[in-house]
Amino acid sequence: MLDPRVCPMKPAPFDYHAPTTLAEAVGLLASLENAKLLAGGQSLVPMMNFRYLLPDHLIDLNGIAELAGITLLGDRLRIGAMTRQRELEFSEVVAQRCPLLKEALAHVGHRQTRNRGTIGGSLSHFDPSAEQPTICAAHDAVIEIASSSGMRRVPFAEFGLDFMTTAVGPDEVLSAIELPLWSRGHGWGFHEFARRRGDFAIVASAVLIELDGSGRIARASVTLAGTGTGPVRLPELERALADMKPEAGAFAGVAELAGEIDAGSDIHASADYRRHLSRVLTERALEDAVRRAS
């Protein structure tokens, strides 16, 4: 066993930078080698303490006011990357226009982590079991990314490249997220299974539903977390829901499609168990979404 007096769990030495504007932050990224961005620090700081990451420079984004805030822009919700998860959790705008995000946030860590954690930090970390990337996938979000060369916008379907790897380059900053909003009266459902409250999900299912005037399903979005290298949309299941008349027990057969995904296996759960959870949680989320739709 390592003696903590000899091998303390502390980060390796680094230079600290505290920009106050986005332009200053991207300028530092362009000029410094082996730099990391600090948002909420809920993932980065432990990784540095374990010396899994060894940055030479740490650029703290917490002093950049322009990177935070929630703005309703017609049929879109714009969220600054440095917006705290706790602020999103208690935002009236989010509750009214993007209730799926509010419901999912209740499963993110604990109050203390949500007080510091940011939506941009979660997306940049891109854990495949994380709730916020799952909601972005469900809503077909657009990610705004800044660099010294300017701004670019990336559809969320192109944002995740691999396990914990995104389209944000080493000299870029994820600056904002835009969520296209569903119509008022849409239904939503989010179900998650984790080993303990506050743990990352073993599997989670997020559902959005719109009904037409006759009560049939006009539009659907179904997304899984915890099964692959990132959130997984289920277009085949979404097509199967189109024009369906929701009735008691109607979703059992359709949810079987969620149980046919190519799931991964690890120390927490086998692939078969993840497929089972995908089916069960999706059926429950569909039932909640239809019940809430009007």
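**View 1. Polar contact between the side chains of Glu 144 and Arg 78.** In this predicted model, the side chains of Glu 144 and Arg 78 form a polar contact at 2.9 Å. Glu 144 is part of strand E6, which comprises residues 142-147. Its relative accessibility is 11%, so Glu 144 counts as buried, the cut-off for this class being under 20%. Apart from neighbours within four places in sequence, the residues in contact with Glu 144 include Arg 78, Met 151, Arg 152 and Arg 153. Val 173, Leu 174, Ser 175 and Ala 176 are also among the contacts of Glu 144.

**View 2. The open sheet formed by strands E11, E12, E13 and E14.** The four strands follow the order E11-E12-E13-E14, with antiparallel pairing. Strand E11 (187-193) and strand E14 (232-233) are the edge strands; each has a single partner strand, and therefore one side of each lacks a neighbour in the sheet.

**View 3. Pairing of strand E13 with strand E14.** Strand E13, residues 217-225, pairs with E14 over two bridges in the antiparallel sense. Thr 223 has Arg 233, in E14, as its bridge partner.

Methods:
Residues numbered from 1 in each chain as written. Predicted model: local features only at pLDDT ≥ 70, side-chain atom pairs only at ≥ 80, totals over all residues. Heavy atoms only, no water. Pairing = 2+ DSSP bridges. Buried < 20%, exposed > 50% of the residue type's maximum accessible area, 1.4 Å probe, protein only. Polar contact = N/O pair within 3.5 Å; in protein donor to acceptor, adjacent residues only side chain to side chain. Contact = heavy atoms within 4.5 Å.
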